[in-house]
Amino acid sequence: MQNPVQGSWFHPSQAWRLLLVIFLVLVLLVPILMIGGVIAERRMRRQEAIEDVSAKWGRRQVITGPALVIPYTHRWTETGDHGKTITHTELRYATFLPERLAIRGRVAGESRSRGIYTVPVYRASLALEGAFARPSFREWNIGEPDVDWGKARLVVGISDVRAVQEQPALRWNGRRVGFLPGTGPDPYLDSLSGIHAVVGVGAKEESLEFSFPVELNGSVGAYFTPFGGQTSVELSSNWESPSFQGNWLPSRRDVSSHGFTATWSIPFLGRNYPQAWLAGSVEPRVIEASRFGVDLIAPVDEHRMAERSVKFAGLFILLTFASIWLTEVLARLRVHPIQYLLLGAALCLFYLLELSLAEHLGFSPAYALASLAIVGMVAAYSISVLRTVWRAGTLAAVVVALYGYLYVLLTNEDYALLVGSIGLFLILAVIMFLTRRVDWYASPLPEGSSEPR
């Protein structure tokens, strides 16, 4: 009995051929995983470039404070030998936060290059002003004579104090006081880098007002801590792609191609720490969790886009192979597994081309050039594989539609799930419609037909 299909690639039915196509897709996921590793490695190199530039220019800045730290004498007694009472003393510290804190300023962003990578950096010009109520120790049963009011110090935490550009001048209750390096001695504040000023608190001073400017460099982002009973922050910038972060978003913001303005207004009721505490009674993580601010991000992160696009690679290879397989079924052709693999290799190469071009040209031009190159390669090779220009053009049109579909998914992240679900529904509907009359038990080629050369 003569076999219905002659040749090196024999399968008893179209269903078996479909299973082989799926197997080839799984094989091609190996180079896709390798390309994913390349993307991760390039992203790591970009992060190293950011760290290198930040280390020299200024890192992400976090402004903590100001806070008023006042030393006091803690006394306690113990009973020693023979019932003798021994009195001990120890110098401790209390921290007080301002009743009102207002921060206003401008963040002038710019890009610095390290090799082929660009890093967002900025120069921040800030003005801080506010007022403290006169500190009270009564709730802790600490007497006035035990408080060393003359050594009260105003402390400001600055995460990268090396990047301070000018010596800030503090105005404290109408008098000028110079800042000194370092923070302390509160255990949390002492863990921060920053500056302090010995201000002292007079016996008759009921309201303690302060104001000072800060000029500093930074990179990637600027953050603040809501230490005021009422904290307000007003920022303006020329950077057109801000990403607002932290526990509070701006109450008002305006983002345009010329930059952004943003205003935060935060009452202390939204925090998990009080307006005053004794040293060591507040956990640092609670204070750190209250930070808020803005990151200066690139309009399009080419590595993130490449990483997202690779996630769709398996699906896109499967859909392209499904189009070729449908052509086989409907046109009574046969495509060799090696030809499938070569077309799949071209589709895999797209992601590598996209990434390498995007690092130099930006995402959109790189995506267009890479997709045109791959579509041209697939179309030219498909003329030989599918034996007619019309069929090759149809396959090329399918690949163009897939790349256009992928671009929409990548550039509309908020609607990616909706667009993706609708697209997959329509693709499945088309495949079901075109194969509704296929005899899945039939041989790939009719009896007596010849295998294409």
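## Terms and basis

Two strands pair if DSSP finds at least two bridges between them. Strands (E, at least two residues) and helices (H or I, at least four) are themselves DSSP runs, numbered from the N terminus.

The model is a predicted one, in which local features need pLDDT of at least 70 and side-chain atom pairs count only at pLDDT 80 or more, while totals for chains, interfaces and linings use all residues. Residues are numbered from 1 along each chain as its sequence is written, and side-chain values use heavy atoms, with hydrogens and water left out.

## The open sheet of eight strands

An open sheet is formed by 8 strands in the order β7-β6-β10-β4-β3-β12-β15-β14, and its pairing is mixed. Its edges are β7 (175-178) and β14 (252-256); each has a single partner strand, so one side of each is left without a neighbour in the sheet. Neighbouring strands of this sheet are turned against each other by 20° on average, direction ignored; the axes behind such angles are lines fitted to C-alpha atoms, for helices over the stretch in contact, and angles run from 0 to 180 degrees between N-to-C directions.

Strand β15 (residues 259-267) and β12 pair in the antiparallel sense over 8 bridges. In this pairing, Thr231 stands opposite Ile266 of β15. Strands of a sheet pair through backbone hydrogen bonds, either parallel or antiparallel.

Strand β5 (residues 153-158) is mostly covered, with 5 of its 6 residues buried. Here buried means under 20% relative accessible area, exposed means over 50%, and partly exposed lies in between (1.4 Å probe, protein chains only).

Strand β1 (residues 61-79) runs antiparallel to β5 and is joined to it by 5 bridges. Strand β9 (residues 194-198) also pairs with β5 in the antiparallel sense, over 5 bridges. Arg153 of β5 illustrates both pairings: Val69 stands opposite Arg153, and the bridge partner of Arg153 in β9 is Val198.

## Salt bridges

How many salt bridges does the structure hold? There are 9, a salt bridge being a side-chain nitrogen of Lys or Arg within 4 Å of a carboxyl oxygen of Asp or Glu. One of them joins Glu90 to Arg92, with the closest N and O atoms 2.7 Å apart. Glu90 counts as partly exposed, at 36% relative accessibility, and Arg92 is likewise partly exposed, at 33%. Another links Lys151 and Asp148, whose side chains meet at 4.0 Å, N to O. Lys151 is exposed, with a relative accessible area of 53%, whereas Asp148 is partly exposed at 30%.

Glu234 and Arg104 form a further salt bridge, their closest N and O atoms being 3.9 Å apart. Glu234 lies in strand β12 (residues 230-237) and Arg104 in strand β3 (residues 100-114), so the pair ties together parts that are 130 residues apart in sequence. Both residues are partly exposed: Glu234 has a relative accessible area of 34%, and Arg104 is at 39% relative accessibility. The two also belong to a network of salt bridges that links Arg100, Arg104, Glu129 and Glu234.

Helix α8 (residues 389-411) has 23 residues and reaches 33 Å from its first C-alpha to its last, close to the 33 Å expected at 1.5 Å a residue. The expected span is 1.5 Å times one less than the number of residues. Among the buried residues of α8 are Ala392, Leu395, Val399, Tyr403, Tyr405 and Leu410.

The axes of α8 and helix α5 (residues 313-331) come within 10 Å and cross at roughly 155°. That makes α5 roughly antiparallel to α8, because angles over 145 degrees count as roughly antiparallel, under 35 as roughly parallel, 65 to 115 as roughly perpendicular and the rest as oblique. The crossing of α5 past α8 is right-handed, a term used if the near helix is turned clockwise from the far one by less than a right angle, with anticlockwise giving left-handed.

## Loop residues with positive phi

Asn173 has a phi near 50°, a positive value in a residue other than glycine. Asn173 is found in the loop between β6 (169-172) and β7, and counts as partly exposed at 27% relative accessibility.

Val220 is not a glycine either, yet its phi is positive, at about 70°. Val220 has its place in the loop between β10 (207-219) and β11 (221-224).
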